[in-house]
Amino acid sequence: MCLMNNIKSKILAQLERFRVVHPGPFWASLGVAGISMFGMVAAFGTSPSTVEISIAQQTVVEQLAPAPLLTLSQNDEVFVREDHVQRGDSVASLLARLDVQDDEAFRFLRSNPTTQIIFRQLRPGKQITAHVTRDGSLQTLIYPLNAPERALFVERRDGQLYASERVLPLETEVQIKSGEIRYSLFGATDDAGIPDGIATQMVEIFGGDIDFHRGLQSGDRFSVVYETLNHQGKLIRSGRILAAEFTNAGKTYQAVWFDGEGNGRTGSYYTPEGKSLRKAFLRSPLEFSRISSSFTSARFHPVKLDWRAHKGIDYAAPTGTKVKSTADGTVEFVGTQNGFGRVIFLRHQGRYTTVYAHLSRFATGLRKGQRVAQGELIGYVGSTGWATGPHLHYEFRVNNVQQNPLSVALPTAVPLNKQQLARFQGTAATHLAQLKLVAPRNLALLD
Ligand SMILES: [Zn+2]
């Protein structure tokens, strides 16, 4: 225990150096990529997976956090839900995606004079943050208004809901947390008190190495160092992951954020050796969300899971789940084919083709010859063609021959130059040391 306290104070000392007031544009995006892959869908099917390890982590975290957030961390019944307004959203659909199941809160938003502004300013791309209990009761709702630095702030105090418009100067804090997967990634991040926005960033960062839909295993572990943007100690939104470690099926991947240009606007994730984590192809063509990550269709029987017999990989997912292009490319075919149903063929770098079949519909306006970026929305999961239930049939072809994408060697990204590498190593060393301090295996040893 003495050793544990010693480590805690070391972490504290390290964190002091990172604590900075964030004066920049209030709601400026701190996301990883420009592409909106952060969109979250309503929550269900998460499983409680409290382990001794996560209790130890939480103790560490509570030592680091200021008072109001400490209350939040201690009460494991409150979760931070984050999402973006999408085209066609209503306040009701937005609340559903945030996992708010609270008629009283919805009636309050509809009838309170102060909250009417959310209905008038429901603009696509805006980020909304909610603190929600496990049974869906709304505790706090923060919605950015069109005026800079202003937000609509709804909160429950002593069982009553209150709304106000506020100026919210944000303060950046660094958090270090870790967890172990028992049933699902969101189950583990919920237990560790990690906001959804950080969970989805992890999926994006390691999405070139790990198939988060089909490849996660019980016992997989992660540690993450990330920023939160707080107002008076309350988490307003999650910021950027600074470093992360993910152990999948016994293999450990590490990532450190680095701004190679040094201009504060661009940046990317690298291995501790300075190799870019960006891959030419994503492992999974599905958007990661609470629903798609825990979905198993009763009607879907993947009789030919072996890709050699089947020539593809099947992803069970609810109808309407977003399908993303796994790489930069050009639309070669979009339409209906026997067996495949509604299907898209994308061509990449001349010799690679990816196929997305059984779709319910295509992204609006998608047409032959169009260029698409990695991670771009191209269609939605369905069960058209020869499909026994909603799923995505995904093929990866080299010179038009189906290959197992997991076994194909792919071109790697441009490495950092010498000066960048020197600068990178300074940043990386600090964050990697922080990760090591909260790595589950270390805490387990200390117990
Ligand atoms: Zn299939």
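In which sense do strand S12 and S20 pair, and over how many bridges? In this predicted model, strand S12 (residues 313–316) and S20 pair in the antiparallel sense, with four bridges between them.

**View 1. Strand S20 and its pairing partners.** Strand S20 (residues 391–398) is mostly covered, as six of its eight residues are buried. Strand S16 (residues 352–359) is joined to S20 by six bridges and runs antiparallel to S20; here Thr 353 stands opposite Arg 397. Strands of a sheet pair through backbone hydrogen bonds, in either a parallel or an antiparallel arrangement.

**View 2. The hairpin of S20 and S21.** Strand S21 (residues 401–403) runs antiparallel to S20 and is joined to S20 by three bridges. Within this pairing, Phe 396 stands opposite Gln 403. Two residues lie between the strands of the hairpin, and Asn 399 takes a positive phi near 50°.

**View 3. An open sheet of three strands.** The strand order is S13-S19-S17, and the pairing is antiparallel. Strand S13 (322–324) and strand S17 (361–362) are the edge strands, each pairing on one side only. S17 is joined to strand S19 (residues 377–380) by two bridges, and Phe 362 stands opposite Gly 379 in S19.

**View 4. Helix H8 and its surroundings.** Helix H8 (residues 196–205) is largely enclosed by the rest of the structure, because 10 of its 10 residues are buried. Among them are Asp 196, Gln 201 and Glu 204, together with Ile 198, Met 202 and Val 203. The buried residues of H8 pack against helix H7 (185–191) and against several strands, including strand S2 (78–84), strand S9 (234–248) and strand S11 (268–270).

**View 5. Helix H11.** The 21 residues of helix H11 (residues 418–438) should span 30 Å at 1.5 Å a residue, and the 31 Å between the end C-alpha atoms agrees with this expectation. Buried positions in H11 are Ala 428, His 431, Gln 434, Leu 435 and Val 438. An α-helix has 3.6 residues a turn, so residues three or four places apart point the same way.

**View 6. Lys 126 and its contacts.** Lys 126 lies in the loop between helix H6 (116–120) and strand S3 (127–133). Lys 126 is partly exposed, with 19 other C-beta atoms within 10 Å. Beyond its neighbours within four places in sequence, Lys 126 is in contact with His 84, Val 85 and Pro 144. Although Lys 126 and His 84 are 42 residues apart in sequence, their C-alpha atoms are 5.3 Å apart in space.

Conventions
Residues are numbered from 1 along each chain as its sequence is written. This is a predicted model: local features need pLDDT of at least 70, side-chain atom pairs count only at pLDDT 80 or more; totals for chains, interfaces and linings use all residues. The expected span of a helix is 1.5 Å times one less than its number of residues. A residue is buried if 20 or more other C-beta atoms lie within 10 Å of its own, exposed if 12 or fewer, and partly exposed in between; C-beta atoms are placed from the backbone. Two strands pair if DSSP finds at least two bridges between them. Two residues are in contact if their C-beta atoms, placed from the backbone, lie within 7 Å.
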